[in-house]
Amino acid sequence: MLRRPHDLRVGVFTKELIIDKMIYGVFMGSLCLISFVAVVYGAGSANLGIDCNHGYNDSCESVFRARATVFSVLTFLLLITAWEVKHFSRSLFNMDRTGHTGPFAVFHTIWYNRFLFWAVIAGFSITFPVVYLPTVNTLVFKHMGISWEWGIVCGCVVVYVALVEGWKATKRAFAIGSAKHLKLTTIEGDTAARKDLSTTTEKVPQGSMTTSGTATLDDDTKRGDSIFRRE
């Protein structure tokens with residue numbers, strides 16, 4: 001609610017949204033590929049197993065562990081994206097500049113939308129049963145429980161957040177997309193608008209509210225409302 005609605009002729013999928021999704025998708029896909037290669041070819045023996053797409057056998061351990069790693073990485077990155085895309089260009093760590101700044105501002109940002117917060121937490125929680133439940137993991141999802149691979153998952157999450165924040169910083173630095181018109185927060189805009197309106201109201205003599213006076217206030221209301229938009 002901190003920005004004006006965009007042109008309805010553009011539709012839901014704006015140019016900026018499509019570009020962002022493509023870039024974030026490249027980040028996710030690259031990290032998933034890297035995590036698979038790290039497990040199979042880095043720590044493993046580069047053995048892709050025999051007939052591992054139909055069931056588990058002793059030759060499929062590396063592949064199954066790599067699949068579980070990729071599944072966890074992709075799930076976590078998608079959940080983190082749900083928080084990152086709350087704003088196209090503002091940092092997740094500095095999304096609300098009024099009263100919530102500093103290194104712990106991110107906790108206010110993710111807690112502000114309680115429904116989204118618990119939905120993301122539920123997504124994180126569901127990942128573990130899917131990876132570790134016997135039979136379900138090997139027969140349904142064709143992967144198996146992992147151990148040290150969680151280090152790769154956490155590393156991918158950190159790298160992904162850094163990449164997304166880097167892209168947002170680039171948008172702010174070069175005024176790309178929504179970064180051209182960063183909006184004031186609700187409190188900042190409301191305070192500034194009220195102050196501007198009260199100054200004009202004091203200039204209008206009491207009892208002299210004519211048609212022209214009303215027009216003056218209407219014009220000032222529009223001017224005060226425009227404070228919500230600034231470069």
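I started with A46, which sits in the loop between α1 (15-43) and α2. The model I am reading is a predicted one. I looked up the backbone of A46 and found a positive phi of about 60°, although A46 is not a glycine. A46 has a relative accessible area of 37%. Buried would need under 20% and exposed over 50%, so A46 is partly exposed.

Next I went to D51, which also lies in the loop between α1 and α2. D51 is not a glycine either, yet its phi is positive, near 60°. Its relative accessibility is 47%, so I put D51 down as partly exposed.

I moved on to α2 itself, residues 61-84. I counted 24 residues in this helix. From first C-alpha to last, α2 reaches 34 Å, close to the 34 Å expected at 1.5 Å a residue. I then asked how many residues of α2 are buried. The count is 18 of the 24, so α2 is largely enclosed by the rest of the structure.

Last, I looked at how α2 packs with α6, residues 150-173. Their axes are 9 Å apart, at an angle of about 35°. The crossing of the two helices is right-handed. On the α2 side I listed T69, S72, V73, F76, L77, I80, T81 and E84. On the α6 side, the contact residues include W150, I152, V153, C156, V157 and Y160. I sorted the residues of this contact by type: 12 are nonpolar, 3 polar and 3 charged.

Key. Residues are numbered from 1 along each chain as its sequence is written. This is a predicted model: local features need pLDDT of at least 70, side-chain atom pairs count only at pLDDT 80 or more; totals for chains, interfaces and linings use all residues. Side-chain values use heavy atoms; hydrogens and water are left out. Helices (H or I, at least four residues) and strands (E, at least two) are DSSP runs, numbered from the N terminus. The expected span of a helix is 1.5 Å times one less than its number of residues. Buried means under 20% relative accessible area, exposed over 50%, partly exposed in between (1.4 Å probe, protein chains only). Axes are lines fitted to C-alpha atoms, for helices over the stretch in contact, and angles run from 0 to 180 degrees between N-to-C directions. A crossing is left-handed if the near helix is turned anticlockwise from the far one by less than a right angle, and right-handed if clockwise. Contact means heavy atoms within 4.5 Å. Ala, Val, Leu, Ile, Met, Phe, Trp, Tyr, Cys and Pro count as nonpolar, Asp, Glu, Lys and Arg as charged, and the others, Gly among them, as polar.
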